[in-house]
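Good morning, and thank you for coming. Please look at the sequence and the structure as I show them, and follow the residue numbers as I name them.

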Amino acid sequence: DSGVTQTPKHLITATGQRVTLRCSPRSGDLSVYWYQQSLDQGLQFLIQYYNGEERAKGNILERFSAQQFPDLHSELNLSSLELGDSALYFCASSRQGIGELFFGEGSRLTVL
Amino acid sequence: SQQGEEDPQALSIQEGENATMNCSYKTSINNLQWYRQNSGRGLVHLILIRSNEREKHSGRLRVTLDTSKKSSSLLITASRAADTASYFCATTPGTYKYIFGTGTRLKVLA
């Protein structure tokens, strides 16, 4: 158990809909990262927050947004969903900038 | 685009053999890390090597780093069926970014 909690584990929705994925980092970790992994693909970096502030942005679509709250949990919002958004979405946390990342078990999103 | 590219994309070996996978990256880095992913699960950190280190060991794992060639290798000795997984390298080109490679799918046959 990495200590990182992601909900929901599975989500099935229709095109055009909006979903919110939630992540609770390990106790004491200030950094949260979001990654997208499509079938048999590597991990695409989406966005990173540190203590509530956005610190780095990757290939995140304009239809996607994220935030980190004062209690350090984070949410990834995906809107106007398309079939191609079907993927595993991982959250990871770390204590500081470039140390070891701890991953949650992911949220599997299926868009029909 | 991906910072790291693993090679080979897939590797199948017999139990007891050694498995070697390579990672190439594009820009200068602070450190390089290797992670393991069992099918559909979250990634698990294996080992971190800093940019000023050339080799590091952890149990049956040996990692090398050649910053002049922008490459790293992960060696798993005496492989076991339980080592079957995907292995990813991750580089930190900046303070807050971790960029993952495309992964090597390792299958260890019992």
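The link of Cys23(B) and Cys89(B) is right-handed, with 65° about the S-S bond. These two residues form a disulfide (a pair of cysteine sulfur atoms within 2.5 Å), and their sulfur atoms are 2.0 Å apart. Strands here are DSSP runs of E with at least two residues, numbered from the N terminus.

Before I continue, a word on the model and its conventions. This is a predicted model, in which local features need pLDDT of at least 70 and side-chain atom pairs count only at pLDDT 80 or more, while totals for chains, interfaces and linings use all residues. Residues are numbered from 1 along each chain as its sequence is written, chains are lettered from A and ligands numbered from 1 in the order in which they are written, and side-chain values use heavy atoms, with hydrogens and water left out.

The term buried means under 20% relative accessible area, exposed means over 50%, and partly exposed lies in between, with a 1.4 Å probe and protein chains only.

I turn now to salt bridges. A salt bridge is a side-chain nitrogen of Lys or Arg within 4 Å of a carboxyl oxygen of Asp or Glu. The structure holds 9 of them over all chains.

One of them joins the side chains of Glu75(A) and Arg22(A), at 4.0 Å from N to O. Glu75(A) lies in strand 8 (residues 74-78) of chain A and Arg22(A) in strand 3 of chain A, so this pair ties together parts that are 53 residues apart in sequence. Glu75(A) is buried, with a relative accessible area of 19%, whereas Arg22(A) is partly exposed, at 34%.

Another salt bridge is formed by the side chains of Asp29(A) and Arg95(A), at 3.5 Å from N to O. Asp29(A) sits in the loop between strand 3 and strand 4 of chain A, and Arg95(A) in the loop between strand 9 and strand 10 (102-103) of chain A, 66 residues apart. Asp29(A) counts as buried at 0% relative accessibility, while Arg95(A) is partly exposed at 46%.

A further salt bridge brings together the side chains of Glu82(A) and Arg63(A), at 3.6 Å from N to O. Glu82(A) is in the loop between strand 8 and strand 9 of chain A, and Arg63(A) is in the loop between strand 6 and strand 7 (64-68) of chain A, 19 residues apart. Glu82(A) counts as partly exposed, at 43% relative accessibility. Salt bridges that share partners also join Arg26(A), Asp29(A) and Arg95(A) into one network.

Finally, let us consider how the chains meet. In contact, meaning heavy atoms within 4.5 Å, are 26 residues of chain A and 24 residues of chain B. The buried area, which is the accessible area (1.4 Å probe) that two parts lose on being put together, summed over both, is about 1900 Å² between chain A and chain B, and carbon and sulfur atoms give 54% of it.

Which residues form the salt bridge between the chains? Arg41(B) pairs with Glu105(A), the closest N and O atoms being 2.6 Å apart. The count between chain A and chain B is 1 salt bridge.

Definitions and conventions. Helices (H or I, at least four residues) and strands (E, at least two) are DSSP runs, numbered from the N terminus.
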